[in-house]
Amino acid sequence: MTDQRFNPLAADKRWQKRWADSGVFEADDASAKPRSFVLEMFPYPSGRIHMGHVRNYTMGDVLARFRRMQGFEVLHPMGWDAFGMPAENAAMANKVHPGEWTRANIATMRDQLKTLGFAFDWSRELATCEPDYYGQEQALFIDLFEGGLVYRKESAVNWDPVDMTVLANEQVIDGKGWRSGAPVEKRKLSQWFLKITDFAEDLLSGLGDLDKWPDKVRLMQENWIGKSQGLQFHFKLTENQQDIETVEVFSTRPDTIFGASFVALSADHPLTQQLAEDDEALATFAKECKAGGTTAAELETMEKKGYDTGLTVSHPLDPSWQLPVYVANFVLMDYGTGAVFGVPAHDQRDLDFARKYDLPVKRVISDGDHSDAEFIGNEAYTGAGKVVNSMFLDGLTVEDAEQEIINRAESEGWGRAQTTWRLRDWGVSRQRYWGTPIPIVHCDSCGPVPVPKDQLPIILPEDIDFENPGNPLERHATWKHVDCPKCGKAATRETDTLDTFVDSSWYFLRFASQPDDRPFDPDVVAKWLPVTQYIGGVEHAILHLLYARFWTRALASIGKLDFTEPFESLFTQGMVTHETYQFGDGSWLSPDEVQKNGSDWTAVSDGSPVQVGRVEKMSKSKKNVVDPDPIIDQYGADAVRFFMLSDSPPERDLPWSEAGIEGSWRFVQRLWRLFASIAENADAPVQEDKALNRKLHQTIAGVAEDIEALSFNKAVAKIFELVNLIEKSKASQDRNAAIKTLAPLVAPMVPHVAEEAWALLGESEMIANATWPAVDASLLVEDEVTIAIQVRGKLRDTLIVAKGIDKATMEELALTSEKVQRIIDGADIKKVIVVPDRLVNIVI
Ligand code: ANZ
Ligand code: ZN
């Protein structure tokens, strides 16, 4: 007799080894099958796998395994986004080399992933911190450099004056250095930029074709790219300021030009700077403005402040009308022209400003009820309407007035239609050690010279020290000093490394093809790309996904690729969440440090009271983390995988619960008992079980559809229903057959128990090589219907009848129903109404 219990401890390892030894999940570039590239965002090797990874990779794995069973050649790779700050922080804290720390983490996490039985093609594993990867990235950087897509520009960095080092944005906390606590200064450094703005229009219009991406992600990218169309024009200064005669502004609402009440300059505007030379109060004000935040959210909420320069400008449509010129903290220098005209009636920010400095507020757009010139109240009207109080624009719509003003400005020569973008070129220089060295040598005679490709990779030196703050590459005695590749004179290497987002902008290409002598083979890449299904966190909706789209376009523009969108379909999964626990003093406790006594929660350590807080994303800072390792040890990989799929729709959050994982464990055991029951029922009668067969084939079709749509929880629900029905069915050969078909049906989700069952049922091939069960379409249509039987409109009975029976038979069946006869009780039947396949209503 077969073991009544499935023992994952033994089975998981055995099957994982067989998958690895046989290489079943290695993708074949030469295969003639249709292809599917299933990719989950590769992890940063922070130390251990967390539940978010488990959920993400389980989803991808189910799809990858399912597509294999459907006859696709599947590429499902895994690797490591291995450069970045945490390794340097660990180096400083623990005196361990960042490489050693990173590689040890990779080893741990690789082992953890293997215990979950993911169908990865490990032969293509890559780590971005290894020279065979980043050396090829250096080659691509040089290609882009030679293609004119890389340039150098002065740009501000965060400078810690105590640690004498550049800080990454995330190392600046409330304006202070994270280690020194010293107020951070802005310093200008020459840095490398990639010309993503060359592709702004194309990155924007390309979003229109990404119909398998979530709308919210496309919208976020659209907003980030930020295309604005409007009018750029100048106001004439009433008196020239040295050589400055005009103030250039950009507006998306030139239709409101007659509602202007002031002009505002950015604190960094050249005119502001010139005036500040002789105006100490203005210089102080400008300095204050620069200290404030510059994010959109900060600008939105901060108090609007201005400084009256005393200058005036004349209105372009009425030279006798003069407007005051302010310097204002809400005007950014690096957007538009760094100067605006304010229309308080129709812009909230301008209205706040006007009320504060007592400036005129003139209505120029009617909201239907109002057209008075004097605008009352403190809420700007930003809606549509007809233009009023605006001379020749009166009566036009907002759109028509915009066009009219643009035409006039262009014909009179004081302005022109202009498109402005929020997107900025991508600064990729990082003053850090643990990243891809930028393959450039600086020569006094030749300038920046790219390192010849045959000298790549430029390998990071190992003998570095983290005793002193800053970038160890700058202090390295020999690495930095080289001869110029062009003229041979003494020169220095670039000591900046690349932003780690560069590493993740092309890794999917390297997964598809990884020759030794170049970044990828475009012909092989063309076979696999674009990625059929990409799965990851919505936190990457903007930067990573935009940079990857840009790199693909940039490489296409220099002839290295012949497609522009890397990810055909994108799915962003929800978070794994857990309750939070706190002591009265606010300090956090982890789930295994607390226990429930009756309705109260207490600390395991000393029984002191604990407060239960909100269910939130698992995070180390709140300690509400459940480590996958002991859970896998206890319940086995399949139960963990199944729980990740079953409880919530994949795009929503999944609250971790002990009850949930136990339920999944029990379900795996139920499956096993069914598989084992076949042997016990070997002699069961040959007897048709029509209901079961129908359910089976509906489930095969439904689960396939659900997995294809990544609606894993729906697929799980269907499998539950089928299993319930099988359990209730009488032993028969049909039942045995249904159970056997169940194995490939659940194999993508719970592959270990499925393999074990397959072997038990006498199959010599692995289920990993099995095909998806065929659907008998004739069983998908229901051939029975339930009809309602009413007496005087009231439901009295229901009957199951063959679909499509004639009216007379329906009537006869209804009238012979015992329940119905009791109600009629010999009364006269006046009328019988029959609706085919639906109901019979008897009127007495
Ligand atoms: C006049 C006006 C009237 C405006 C009105 C808006 C409403 P988007 O759509 O985001 O591109 N602006 C232009 N340059 C700016 C800068 N450097 N810093 C801060 N604000 C700036 O925004 C364009 C609008 O933002 C422009 O249109 C300008 O104000 C302001 F009823 O001009 B508007
Ligand atoms: Zn030189």
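Let's start at Cys443, which is buried with a relative accessible area of 6%; here buried means under 20% relative accessible area, exposed over 50%, and partly exposed in between, using a 1.4 Å probe and protein chains only. What you have is a predicted model, in which local features need pLDDT of at least 70 and side-chain atom pairs count only at pLDDT 80 or more, while totals for chains, interfaces and linings use all residues. Residues are numbered from 1 along each chain as its sequence is written, chains are lettered from A and ligands numbered from 1 in the order in which they are written, and side-chain values use heavy atoms, with hydrogens and water left out.

So what does Cys443 do in the model? Together with Cys446, Cys484 and Cys487, Cys443 gives an SG atom to the zinc ion (ligand 2), with the donors lying 2.2 to 2.3 Å from the metal. Donors are N, O and S atoms within 2.8 Å of the metal (3.2 Å for Na, K and Ca), and water is not among the atoms, so sites may look incomplete. Along the chain the zinc donors are spaced C-x2-C-x37-C-x2-C. The angles among the four donor atoms run from 107 to 113 degrees, and the site is tetrahedral, a label that four donors get if all angles lie between 85 and 135 degrees. For reference, the ideal angle for four tetrahedral donors is 109.5 degrees.

Now for the backbone. Leu456 and Pro457 are joined by a cis peptide bond with omega of about -5 degrees, and Pro457 sits in the loop between strand 22 (447-450) and helix 13 (472-475). Helices (H or I, at least four residues) and strands (E, at least two) are DSSP runs, numbered from the N terminus. Another cis peptide bond joins Leu529 to Pro530, again with omega about -5 degrees; Pro530 is in the loop between helix 16 (522-528) and strand 26 (533-537).

Positive phi values are worth a look too. Asp174 has a phi of about 50 degrees although it is not a glycine. Asp174 lies in the loop between strand 7 (172-173) and strand 8 (176-177) and is exposed at 75%. Met391 also has a positive phi, near 50 degrees; its place is the loop between strand 17 (386-387) and helix 12 (398-412), and at 54% relative accessibility it is exposed.

On to the charges. The whole structure holds 38 salt bridges, each a side-chain nitrogen of Lys or Arg within 4 Å of a carboxyl oxygen of Asp or Glu. In one of them, Lys356 pairs with Glu303, the closest N and O atoms being 2.5 Å apart. Lys356 belongs to helix 11 (residues 348-357) and Glu303 to the loop between helix 10 (296-301) and strand 13 (306-315), so this pair ties together parts 53 residues apart in sequence.

Arg424 and Asp334 form another, with closest N and O atoms 3.9 Å apart. This pair links distant parts of the chain, 90 residues apart. Arg424 is partly exposed at 36%, whereas Asp334 is exposed at 52%.

Glu721 and Lys695 also meet in a salt bridge, at 2.5 Å from N to O. Since Glu721 is in helix 22 (residues 712-728) and Lys695 in helix 21 (residues 690-708), the pair ties together parts 26 residues apart in sequence. Finally, Asp202, Arg549, Arg553 and Glu565 are linked in a network of salt bridges.

Note on methods:
Four donors count as tetrahedral if all angles lie between 85 and 135 degrees; four count as square planar and six as octahedral if opposite donors are over 155 degrees apart and all others between 65 and 115; anything else is irregular.
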